Number of protein chains: 2
Amino acid sequence: VTRCLLVLTEGAGDPITAKTGVNLLRYCPDECVAVLDSTNVGKTAQQVLGVGGNTPVVGSVADAPTANTLLIGTAPSGGKLPPVMRKHVLDAVAKGLNILSGLHDFLSDDAEIAAAARKSGSKIHDVRKNDEHEVSHRKNIREECLRIHTVGNDCSVGKMVVSLEVARALNKRRHDAKFVATGQTGIMIEGDGCPIDCVVSDFVNGAAERLVLANQHHEIILVEGQGSLVQPRYSGVTLGLLHGCIPDGLIFCYEAKREKVHNMNWMTIPPLRSVMKIYEDMANAMHPCRIIGIGVNTRLCTAAEAEAEKKRVAREFGLPVCDVIRDGPDVLVDAVLDFQKVLGKGKS
Amino acid sequence: VTRCLLVLTEGAGDPITAKTGVNLLRYCPDECVAVLDSTNVGKTAQQVLGVGGNTPVVGSVADAPTANTLLIGTAPSGGKLPPVMRKHVLDAVAKGLNILSGLHDFLSDDAEIAAAARKSGSKIHDVRKNDEHEVSHRKNIREECLRIHTVGNDCSVGKMVVSLEVARALNKRRHDAKFVATGQTGIMIEGDGCPIDCVVSDFVNGAAERLVLANQHHEIILVEGQGSLVQPRYSGVTLGLLHGCIPDGLIFCYEAKREKVHNMNWMTIPPLRSVMKIYEDMANAMHPCRIIGIGVNTRLCTAAEAEAEKKRVAREFGLPVCDVIRDGPDVLVDAVLDFQKVLGKGKS
């Protein structure tokens, strides 16, 4: 059965709060039948979220009769379902729609929602639910596989988008590249992966290593990063993932003009140079690794500002730089393939 | 009701595998009535584990009639209950003893054990069970409280012991110091704390911050470290805790003569200097912090070797060094109080 997704982004006007919905609209457009947001009824997804073309915005589950799955399209800090969205979920379940959720608060554990689902036959898929329970072993790593990992100076800067764009572009150039999802949105798009930020902390490094073991038959893997080593809330997740996936190379991602930590505007993000050094130091504590390129997110910039930013950063760090959305990912794809050659990995 | 502990360390001859049991015998001696280890019946705890004096080693639950609680005294990698110990647990539950466990595999979720406990009235306390679900906020931190955090170059090097010894010695000198437990053994000894390695990874930094908020009314807190920033398995836990507890000063712990990573003898631990630098760099990414002293575990050394090691390390790093078990913690207590003065915290 094909997924026919009703993308719930109720009231979320910006593409960061609604990043799960935005990215499903961007990468799985054929599966999205409508956006559910009662504050923007009658508009298009493009008008409200900047992606999704003419996908209509509807105000209730009843207004999207072809949908068979309600997708929770926002990822609030802390992962809880906002009360305003609860009614939409209960409406969907009552109509027999399946629920696809990446929240930390598992909807299948919610007594009211679970009871309604039993009654209607809805399936509730909590993407973050996992039973990872294995530590890292550092054995049987296939060194011929090139491991690239996206990292950043904050969360929600575009690590998943860069990983996905580079992997898809490598595939177009006939390389066997695989996007390895580590967050709820990536898993929803790719259909596999591990919700690393919801793994019991003792097993984060092990879960990341298991992603490598499961995917290293590919020529190149692009492992989606999480959080940031300098993110006050999520740095533990970031380091466990960084060490567990044993990257050969990193693509460093950041958003131009962001100065304050996501959702913590009373805290300042350290300078790019010091953050990049921290990543290389921490990665090299486990395995030789360096930053091979920079993915800048210039969504807050004019075209001229974006060009100036890329020029400045390329000169400062001597690395290839692009905005994969604005420019396409070719600059980073070339960087990955050059690096593969330098390391002597893959087909020569 | 007082705890009368039967300490289960079945077959674990070394003080690392049996570290939970060893430390309960060391820090709660009046509560330990016997050790349960059918491979060492008739010996004393001191003979088998090197602590515990004349506490007898018995071969079955029936041989410790005064016990009211069976304490799981080992912490196997991965946290699963070894099959050989299962019979002892079921015997204890059948006799109505409570169970105190720090395993990742919750005994209260084990159908057979849970059913037996319902029948006998035993209470099963899984120390690692938690519902931490709050991110870090970095607000309302009381800067007058001095935050000291123990860190190390591997797990099982003595971070908990150093934290506890320094806190108790500060108390003896009439300072209001608090040992803040972050692991199962520390929680069993202290009676409170957070099992940080079993928290969902997104909430590790937040859980550590909550420990600070809950304890910062004290003059000095000694926050127990977990794992190591260079531990391939547990580095994510370590960084989340390091960033979450926002330390002013670190006490760096290591075991002399240990060259290979705990339970991963195919991996080498990096040199002390580079590990110490990594800790200072990572801590300072969040809050000004430095290493103020070194706790060396010299259990594998002769007295002469221990002296030489301390001299060498003190000279190399220009820091106070001691083995809190061999020498007592006074050198580190002085270092904490000197540092408190330098920062101008506490009573002048």
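The model is predicted, so local features need pLDDT of at least 70 and side-chain atom pairs count only at pLDDT 80 or more, while totals for chains, interfaces and linings use all residues. Residues are numbered from 1 along each chain as its sequence is written, chains are lettered from A and ligands numbered from 1 in the order in which they are written, and side-chain values use heavy atoms, with hydrogens and water left out.

Reader: How much area do chain A and chain B bury between them?

Author: Buried area here is the accessible area (1.4 Å probe) that two parts lose on being put together, summed over both. The contact takes 42 residues from chain A and 42 residues from chain B. Of the buried area, 58% is on carbon and sulfur atoms, and the total is about 3,400 Å².

Reader: Which residue of chain A forms a salt bridge with Arg128(B)?

Author: The rule wants a side-chain nitrogen of Lys or Arg within 4 Å of a carboxyl oxygen of Asp or Glu, and it finds two salt bridges across this interface. For Arg128(B), the closest N and O atoms of the pair are 3.8 Å apart. The partner is Asp202(A).

Reader: Is Arg147(B) buried or exposed?

Author: Buried means under 20% relative accessible area, exposed over 50%, and partly exposed in between (1.4 Å probe, protein chains only). Arg147(B) has a relative accessible area of 1%, so the call is buried.

Reader: Which side chain joins that of Arg147(B) in a polar contact of 3.4 Å?

Author: A polar contact is a pair of N or O atoms within 3.5 Å; within protein, one must be able to donate a hydrogen and the other to accept it, and residues adjacent in sequence count only if both atoms are side-chain atoms. Separately, the backbone oxygen of Ile246(B) lies 2.5 Å from a polar atom of the Arg147(B) side chain. The side chain at 3.4 Å is that of Glu143(B).

Note on methods:
Contact means heavy atoms within 4.5 Å.
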